[in-house]
Amino acid sequence: MPIMNGDTVYMFLCKICNFGEECLCRLYKILSWTDLVHLIVFNLTLKSKRQFHSLASEIMPYVEETWKAFQPRPEWLGMTPNLRRAKVIFT
Ligand SMILES: [Zn+2]
């Protein structure tokens with residue numbers, strides 16, 4: 001899975017250090033909601049080339065469209081859109 005722009009919550013091991021196979025792993029245990037929302041808004045800002053976004057018409061549709069690409073923690077994957085929206089609002 002490609003890394004999103006600005007994502008620093010992953011680990012890369014080259015094939016020399018990882019016994020012949022490159023490894024690009026999400027650091028799930030240190031990924032916070034704040035990290036994730038920051039990444040989402042940062043990538044939306046790059047995409048739209050604007051600094052401010054509407055929660056209802058831009059941020060949440062973008063979250064729903066790209067959710068898995070941001071590699072959220074496995075326990076967050078099953079969240080309902082309403083719960084995601086609440087988490088984004090209160091982050
Ligand atoms: Zn290396």
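1. Helix 1 covers residues 33-48, which makes 16 residues. At 1.5 Å a residue it should span 22 Å, and its end C-alpha atoms are 22 Å apart, so expectation and model agree. Keep in mind that this is a predicted model.

2. Which residues of helix 1 are buried? Leu36, Leu39, Ile40 and Val41 are. Helix 2 (55-66) is included in what covers them.

3. Lysine 49 follows helix 1. This residue sits in the loop between helix 1 and helix 2. Its phi is positive, about 60°, although lysine 49 is not a glycine. Most residues other than glycine have a negative phi. Is lysine 49 buried or exposed? Lysine 49 counts as exposed because it has 6 C-beta neighbours inside 10 Å, and the cut-off for exposed is 12 or fewer.

4. Leucine 55 belongs to helix 2. Leucine 55 counts as exposed, because it has 12 C-beta neighbours inside 10 Å. That count still meets the limit of 12 or fewer. From leucine 55 to threonine 66 is 11 residues in sequence and 15 Å in space, C-alpha to C-alpha.

5. Glutamine 71 lies in the loop between helix 2 and helix 3 (74-77). Glutamine 71 is not a glycine, yet its phi is positive, at about 50°. Why does glutamine 71 count as buried? Because 23 other C-beta atoms lie within 10 Å, and 20 or more are needed for buried.

How values were computed
Residues are numbered from 1 along each chain as its sequence is written. This is a predicted model: local features need pLDDT of at least 70, side-chain atom pairs count only at pLDDT 80 or more; totals for chains, interfaces and linings use all residues. Helices (H or I, at least four residues) and strands (E, at least two) are DSSP runs, numbered from the N terminus. The expected span of a helix is 1.5 Å times one less than its number of residues. Two residues are in contact if their C-beta atoms, placed from the backbone, lie within 7 Å.
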